Amino acid sequence: MGCALLLGGCALRFDMPAPTPEPPSAEETLRQEAAIALQALAAASPEALGDEQAADRYRTRVELVGGVWQACPTDASEQECEALPTPPAIPPVTTSEQAIAQRTAAATALKQLAGEDTSSGVVAAGMLPALLAEFSAEDAPVELPDWGSGRWTTSAAVVEALDWGAWQLEALGARSGDKESVTLARSYRAAVAAPQASGVSGVRPPSIYVTEQLSRAEIIQRSAAAVAGALPDLAVAERGAVMSYLTEATRQLATAKIEVPASWLAG
């Protein structure tokens, strides 16, 4: 009888329904929306994307955001998880219009996710600039503040990076007569409303500070990489303007035919 009861109990366990997955959090919902749209772009045809290398960039972004996955209880077995609803279908992308729609969906979800004070929010903030740079200014689905319109950061690391860029750009302008570099240098300074205002000490004049003769693209690349590296330590309220600056930097680098990483985040 003991065996029968034991076997009966085992039978009851096999007949139990599959566990119900826990509902995703608002943050996970946004992450999933971005992942689905990016996966759709990663699987798109080169004709739809207009760039043979674009799919590789989207595949990297899918990995950075954590991929498309379904929730499964931590105490569930592999067999039980397989019985859960299948992951969401990935929309097909075979036309440029469909590619724009998925790019828009990814950017919209990432912008909202970037407002979260979590590791996912930091990753989203790092990914968004390169994605936004793929839109024309009038078609961008996400509105970001004008990075050059006044002080927007209290981060010493960001101030130092932009101050370095401003000195380098001014030196380039004086050396080569490049007026665009001088104008850009003013935007760099306006973004932080003078380094001294943010508490950065030891600001050095060009004769000491500028030791390399770099091109404008090289200056932008180095300065932007340093700003991006500071993203994880920024207050959420400061990310918007920083992302706007990185988006503009990405556009300028793309114009100069310099490869921009799928994510500005270092590491």
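## Helix H7

Helices and strands here are DSSP runs numbered from the N terminus (H or I of at least four residues for helices, E of at least two for strands).

H7 covers residues 119-132, and at 1.5 Å a residue its 14 residues should span 20 Å; the end C-alpha atoms are 20 Å apart, so the two values agree. The expected span is 1.5 Å times one less than the number of residues.

## Model and overall content

The model is predicted: local features need pLDDT of at least 70 and side-chain atom pairs count only at pLDDT 80 or more, while totals for chains, interfaces and linings use all residues. Residues are numbered from 1 along each chain as its sequence is written, and side-chain values use heavy atoms, with hydrogens and water left out.

The secondary structure of the protein chain consists of 12 helices and zero strands. Of the 267 residues in the protein chain, 41% are buried. Taking contacts (heavy atoms within 4.5 Å) between residues at least 6 apart in sequence, 76% join residues at least 24 apart.

## Nonpolar core

A nonpolar core is a set of buried Ala, Val, Leu, Ile, Met, Phe, Trp, Tyr and Cys residues joined through side-chain atoms within 4.5 Å. The largest one has 68 residues, of which Trp152, Leu162, Tyr188, Tyr245 and Leu246 touch the most other members. Not counting residues up to four places away in sequence, Leu246 touches Pro129, Ala224, Val227, Ala228, Leu231 and Trp264.

Alanine 106 lies in helix H6 and counts as buried because its relative accessibility is 0%. Leaving aside neighbours within four places in sequence, alanine 106 is in contact with Ala34, Ala37, Leu38 and Leu131. Alanine 106 and alanine 34 are 72 residues apart in sequence, yet their C-alpha atoms are 4.4 Å apart.

## Helices H8 and H11

The axes of helix H8 (residues 156-176) and helix H11 (residues 216-229) come within 8 Å and cross at roughly 175°. H8 is therefore roughly antiparallel to H11. The axes are lines fitted to C-alpha atoms, for helices over the stretch in contact, and angles between N-to-C directions run from 0 to 180 degrees. Angles under 35 degrees count as roughly parallel, over 145 as roughly antiparallel, 65 to 115 as roughly perpendicular and the rest as oblique. On the H8 side, the residues that meet H11 include Val158, Leu162 and Trp164, and their partners in H11 include Arg216, Ile219 and Val227.

The 21 residues of H8 should span 30 Å at 1.5 Å a residue, which agrees with end C-alpha atoms 30 Å apart. Just after H8, glycine 177 has a positive phi of about 75°.

## Serine 181

Serine 181 is placed in helix H9 (residues 179-192) and counts as buried because its relative accessibility is 0%. Its side chain forms a polar contact of 2.7 Å with the side chain of aspartate 178. Such a contact is a pair of N or O atoms within 3.5 Å; within protein, one must be able to donate a hydrogen and the other to accept it, and residues adjacent in sequence count only if both atoms are side-chain atoms. Apart from neighbours within four places in sequence, serine 181 is in contact with Leu169, Leu172, Gly173 and Arg216.

Definitions and conventions
Buried < 20%, exposed > 50% of the residue type's maximum accessible area, 1.4 Å probe, protein only.
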